[in-house]
Amino acid sequence: ASLGKIQAATQAIKNVRGVDLILSLTSVSDIVSGDMGAEFNALVPAIPTDEAGRRALRQKVLSREFAVGNFVSPDGTGALILAFLADPGTIKHQPGGLRVEEQIRAAAERELSGMTIYYGGAPFAARAIYQEAQADVRHLSPVAMLVLLIVVILAFRDPVGVALTVGAVAFSVLVVIGGMGWWGEKFTVASSTLPVILFASGSSYAVHVLGRYYLLRADHSAADAIAESLRIVGPPFAIAAATTAVGCYSFVTTDVRPMRSFGIACG
């Protein structure tokens with residue numbers, strides 16, 4: 001039954017557009033010595049139907065050094081289906097909007113139902129990292145926003161101050177992410193962390209200015225408090241912003257394009 005599922009999955013994955021070559025127990029050739037030299041036969045010529053056939057096939061497969069440890073585990077409880085992808089361009093554009101690794105996963109889960117499946121290789125690893133980063137951002141962004149709101153509310157006790165702090169950072173995040181989309185920059189694992197990082201670092205500037213304003217507001221008019229706050233906080237504010245931006249822009253020296261885009265956007 002397991003061999004039948006592997007055979008069906010091998011054929012299904014082979015039919016996925018973007019898969020160039022596929023090797024498994026049921027598709028790999030068995031090279032044996034014959035009267036005329038090397039002979040190429042199927043390692044599994046047919047799925048056995050009786051116990052004697054199963055024992056004979058198991059003994060045959062586990063006696064092949066090229067198969068054991070590559071296409072089947074030494075104890076016979078695990079097997080590998082190895083798919084080679086064609087031109088990398090075919091990975092990105094698939095009918096129905098599904099990437100090639102998503103189609104491979106769908107075919108495997110459909111044909112290998114009831115079996116434990118593991119996926120490996122660069123496309124699956126990259127997809128897993130991206131999805132996990134996206135999930136982290138979805139969980140971290142509300143937490144970061146909540147912590148920021150609590151700190152600002154406890155510090156200022158003024159809804160206007162809270163709105164200014166959160167609104168300024170939110171507007172900046174929207175401008176940065178929107179600008180990246182407008183320039184055609186791809187949304188990568190690195191750029192997916194931008195909202196959390198910008199909220200964490202960008203909120204400090206508004207807190208410094210408004211914190212000084214509320215201290216001065218007790219003894220000055222609103223206009224004087226604003227002017228004095230900017231006079232006191234302005235220079236260190238500008239230096240801190242400049243050094244932070246320069247630090248982010250230093251990412252342009254890296255060879256990794258997503259990190260360069262992240263550095264420019266963050267700066």
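**Close-up 1. The end of helix 6 and the residue that follows.** Just after helix 6, glycine 184 adopts a positive phi of about 85 degrees; helices here are DSSP runs of H or I with at least four residues, and strands are runs of E with at least two, numbered from the N terminus. This is a predicted model, in which local features need pLDDT of at least 70 and side-chain atom pairs count only at pLDDT 80 or more, while totals for chains, interfaces and linings use all residues. Residues are numbered from 1 along each chain as its sequence is written, and side-chain values use heavy atoms, with hydrogens and water left out.

**Close-up 2. Helix 6 (residues 159-182) and its surroundings****.** At the N-terminal end, aspartate 158 caps helix 6, with a side-chain oxygen 3.2 Å from the backbone nitrogen of valine 160.

**Close-up 3. The packing of helix 5 (residues 122-156) with helix 7 (residues 194-217)****.** The two helices pack at an angle of about 5 degrees with their axes, lines fitted to C-alpha atoms over the stretch in contact, 10 Å apart, and are therefore roughly parallel (angles under 35 degrees, on a scale from 0 to 180 degrees between N-to-C directions). Contacting residues (heavy atoms within 4.5 Å) include Leu140, Met145 and Phe156 of helix 5 and Phe199, Val207 and Tyr214 of helix 7.

Notes:
Parallel < 35°, antiparallel > 145°, perpendicular 65-115°, else oblique. Expected span 1.5 Å × (residues − 1). Polar contact = N/O pair within 3.5 Å; in protein donor to acceptor, adjacent residues only side chain to side chain.
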